[in-house]
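Dear colleague,

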Amino acid sequence: MYPAAGKGDITTIIGGIAPNWGPFGTLGNEARIMVEVVMAVAILLCLGIAVWGAAKQRIGATALRDTFSAEQGKGLIVAGLTGVFIIGSLGTLFTIVYGMAV
């Protein structure tokens with residue numbers, strides 16, 4: 001009778017089918033830091049859009065009685081917060097996909 005698993009473990013399997021990043025594999029830590037900086041800037045930009053939308057919605061709804069501006073502000077809030085959610089989820093999504101070695 002032969003054991004089914006032998007001496008291998010999950011890291012052997014994942015390491016065997018994990019993608020080879022080619023020329024980007026040597027970038028390492030610097031590339032990760034650049035991606036984190038770009039994502040942080042994008043999140044701040046999206047939060048700025050959401051704050052601008054909130055201000056536009058508040059001013060349009062109360063001070064100017066401008067319903068178009070208020071609706072436009074709501075759209076900016078939704079767009080900004082959706083962008084933050086998507087960008088924030090990218091790290092988790094990439095980790096799951098890479099961990100599954102798809």
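The paragraphs below describe the chain as a whole and then selected residues.

This is a predicted model, in which local features need pLDDT of at least 70, side-chain atom pairs count only at pLDDT 80 or more, and totals for chains, interfaces and linings use all residues. Residues are numbered from 1 along each chain as its sequence is written, and side-chain values use heavy atoms, with hydrogens and water left out.

**Overall fold**

The protein chain contains three helices and zero strands, in the order α-α-α along the sequence. Helices (H or I, at least four residues) and strands (E, at least two) are DSSP runs, numbered from the N terminus. Of its 102 residues, 12% count as buried; buried means under 20% relative accessible area, exposed over 50%, and partly exposed in between (1.4 Å probe, protein chains only). The chain exposes about 8,100 Å², of which carbon and sulfur atoms supply 73%. Accessible areas come from the Shrake-Rupley method with a 1.4 Å probe, and for residues only the protein chains shown count as cover. Among contacts (heavy atoms within 4.5 Å) between residues at least 6 apart in sequence, 58% join residues at least 24 apart.

**Helix α2**

Helix α2 spans residues 29–63 and includes valine 37. Valine 37 is partly exposed because its relative accessibility is 48%. Together with Ile33 and Val41, Val37 forms a nonpolar patch on the surface, with about 260 Å² of accessible area in total. Patches are made of residues with over 30% relative accessible area and no salt bridge, where like charges are joined within 9 Å and nonpolar side chains (Val, Leu, Ile, Met, Phe, Trp, Tyr) within 5 Å.

Isoleucine 43 also belongs to helix α2, and a relative accessible area of 24% makes isoleucine 43 partly exposed. Leaving aside residues up to four places away in sequence, isoleucine 43 touches Val84 and Ile87. Between isoleucine 43 and glycine 80 the C-alpha to C-alpha distance is 8.7 Å, although they are 37 residues apart in sequence.

**Helix α3**

Glutamate 71 and lysine 74 both lie in helix α3 (residues 67–100), three residues apart, or about one turn of the helix. The two form a salt bridge, with their closest N and O atoms 3.5 Å apart. A salt bridge is a side-chain nitrogen of Lys or Arg within 4 Å of a carboxyl oxygen of Asp or Glu, and the count by this rule is one. Both partners are partly exposed, glutamate 71 at 47% relative accessibility and lysine 74 at 41%.

Yours sincerely
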